Amino acid sequence: MMIFRMAPMGDFQPTPEQMQESIKHWQDWIGSIAAQGKFVSTNQLSFTGKTLKPGGVVTDGPYAEIKEIVGGYIIVKANDLDEALSLAQGCPILFVGGHVEVREVIQLNP
Amino acid sequence: MDNLVSQLFRTEFRKIVSVLTRTFGLSHIDIAEDIVADTFLLASETWGKKGYPDNPRAWLYTVAKNKTKDYLKRNSLLKKKIELDLKKEGISSELIEIEISNEIIKDSELRMMFAICHPSIPIESQTGLALRILFGFGIEEIADAFLTNKETINKRLHRAKEKLREEKIEFELPGEQDISQRLSSVYLILYLLFNEGYYSTSQNALIRKDICFQAMQLAYILTENEKTNTPELNALIALMCFHSSRFEARMRADEIILLEEQDNSKWDYHLIQTGEFYLNTSAKGKKISKYHLEAAIAYWHTQPNNLDSKWSTILNYYNLLLQLEYSPIIALNRTYAVYQTYGREKAIQEALKLNLNSHHQYHALLGTLYSNFDNALAIEHLSKACELSKSENEKRLIQNKIDKLKQEPN
């Protein structure tokens, strides 16, 4: 699994053209992985959310307190971490100051 | 067979077999098939001698009905069994009545489609059985379409019918709960058969066209019932229309002409418009199926090449299609769209990641990408493609490209 992390963008609002451009980059990158038959699934996460803390305390998105947020993830088929890392090359998050965390998924019920 | 008889055979065989199968049940589909075949034989003989009846279609239905009654008179055991089955359903059955009306015919056709495209039957058998019963194809024609012999087809059909019995598949419309899954199986078979007709390497162009035409007819039948008329079906029909519009343009004698080399004036613009209508109708609901994406790609291929957004849009649809379902051919087509959108270098980069060394189309694509860039590499890949290809036509096309490159100064 690749987890896309980046610093919150504050009040930055992309223009529709920038949004389109960004979607295109993401789709081309994911399409490239899918063209190799290595795609499993992906989801983008919205920037809004709530956090549940012990004791039933609910806070709105904790983004002010942390340096980065998770923007989404993709699950790919790879034989090892190195192969997954090479698939991560070119991920659009790398061009906007973010980074990709590559982790192995462990199945709970083998 | 004369023209009218063979024409009626294509349209009515499926209908009469389906109606009779209501009486006999799917496990005796052979009997229904034989009776209808006999009926057409008799039509051929009688009409040849005495001329056509006033209403040839009605004649066929009456004769098939009488033959069925005669058959049941001679086979009292089967008759008793059928009567018993009817009694279980609470229908009095002193006389087995065979009812024929437009509604009954339509309903029977639908039931037959669902029965033949039942997910418990192997796909290969489904397609064979569909060609036989739904398309009214002869064994020889099926063998020709699948590039195999009659014996193989006979065995395949036999196994398919055995499966119908073993799985005790009911001759009925699926209930609310399974209908969407069962419909997917029906769409898939129509899609596979259409593609078989469209892309098959069979030399017989008439049969191939006929397969595509019949697949479309069945798809149209599904639009007439609100339960089976889904956005996905409309997308499938749109796809079939766009492909069919290029039928005349893509064949020259016995070879296939690539899209970019086709003469646009030979495209059937009426079919393209029909396709656009169905594509618009398909834009409902939440689900984007592979038929939606393939239809959208086929639509954009009908648009002029100088349209700025054409290739980046096609690339995007290929990206989405591959996320739904991977296939080597789609991966290669996507790479061609990368070439058209971003140019040669990016496309070569993407192609080399594909790991499809054993596919001749992979080498053909790399041959194209390297042409007039690194001709030595281009020739190497084209030669490999030539070696791997199984079609003589294709080998010749590729060889032509190699010869041309060899004449160019590198």
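# Close-ups of a two-chain model

**View 1. B:Lys168 sits out in the open.** B:Lys168 is exposed, with a relative accessible area of 67% (over 50% is exposed, under 20% buried, in between partly exposed; 1.4 Å probe, protein chains only). This is a predicted model: local features need pLDDT of at least 70, side-chain atom pairs count only at pLDDT 80 or more, and totals for chains, interfaces and linings use all residues. Residues are numbered from 1 along each chain as its sequence is written, chains are lettered from A and ligands numbered from 1 in the order they are written, and side-chain values use heavy atoms, without hydrogens and water. Look for B:Lys168 in the loop between α8 and α9 (179-199) of chain B (helices are DSSP runs of H or I with at least four residues, strands are E runs of at least two, numbered from the N terminus). B:Lys168 isn't a glycine, yet its phi is positive, at about 50 degrees. Most residues other than glycine have a negative phi.

**View 2. B:Asn355 is another non-glycine residue with a positive phi.** Phi of B:Asn355 is near 60 degrees. Where do you find B:Asn355? Follow chain B into the loop between α16 (344-352) and α17 (360-370), and there it is. B:Asn355 counts as exposed, with 64% relative accessibility.

**View 3. Here are α16(B) and α17(B), packed against each other.** Two packed helices are described by the angle between their axes and the distance between the axes. For α16(B) and α17(B), the angle is about 155 degrees and the axes are 10 Å apart (axes are lines fitted to C-alpha atoms over the stretch in contact, with angles from 0 to 180 degrees between N-to-C directions). That makes α16(B) and α17(B) roughly antiparallel (over 145 degrees; under 35 is roughly parallel, 65 to 115 roughly perpendicular, the rest oblique). On the α16(B) side, the contact (heavy atoms within 4.5 Å) uses B:Arg344, B:Ala347, B:Ile348, B:Ala351 and B:Leu352. From α17(B) come B:Tyr362, B:Leu366, B:Thr368, B:Leu369 and B:Tyr370.

**View 4. Helix α1 of chain A meets helix α14 of chain B.**

**View 5. Zoom in on B:Gln323, in helix α14 of chain B.** Is B:Gln323 buried or exposed? B:Gln323 counts as buried, with 18% relative accessibility. Leaving aside residues up to four places away in sequence, B:Gln323 touches A:Gln27, A:Ile30, A:Gly31, A:Ala34, A:Phe39 and A:Thr42.

**View 6. B:Glu109 and B:Arg14 form a salt bridge.** A salt bridge is a side-chain nitrogen of Lys or Arg within 4 Å of a carboxyl oxygen of Asp or Glu. In this pair the closest N and O atoms are 2.8 Å apart. B:Glu109 belongs to helix α5 (residues 102-116) of chain B and B:Arg14 to helix α1 (residues 3-24) of chain B, so the pair ties together parts 95 residues apart in sequence. B:Glu109 and B:Arg14 are both buried.

**View 7. B:Glu33 and B:Lys161 pair up too, in a salt bridge of 2.8 Å, N to O.** You'll find B:Glu33 in helix α2 (residues 29-50) of chain B and B:Lys161 in helix α8 (residues 150-166) of chain B. The two are 128 residues apart, so to speak distant parts of the chain, linked by this pair. B:Glu33 is buried, at 8% relative accessible area, and B:Lys161 is buried as well, at 10%.

**View 8. In chain A, salt bridges that share partners build a network.** The members are A:Arg5, A:Glu68, A:Glu101 and A:Arg103. Inside it, the side chains of A:Arg103 and A:Glu101 meet at 2.7 Å, N to O. A:Arg103 is partly exposed, with a relative accessible area of 49%. Over all chains, the whole structure has 23 salt bridges.

**View 9. Step back to take in chain B.** Chain B has 19 helices and two strands. Its C-alpha atoms fill a box of roughly 85 × 50 × 40 Å, taken along the principal axes. Of the 410 residues in chain B, 48% are buried. Among contacts in chain B with a separation of 6 or more, 64% join residues 24 or more positions apart.
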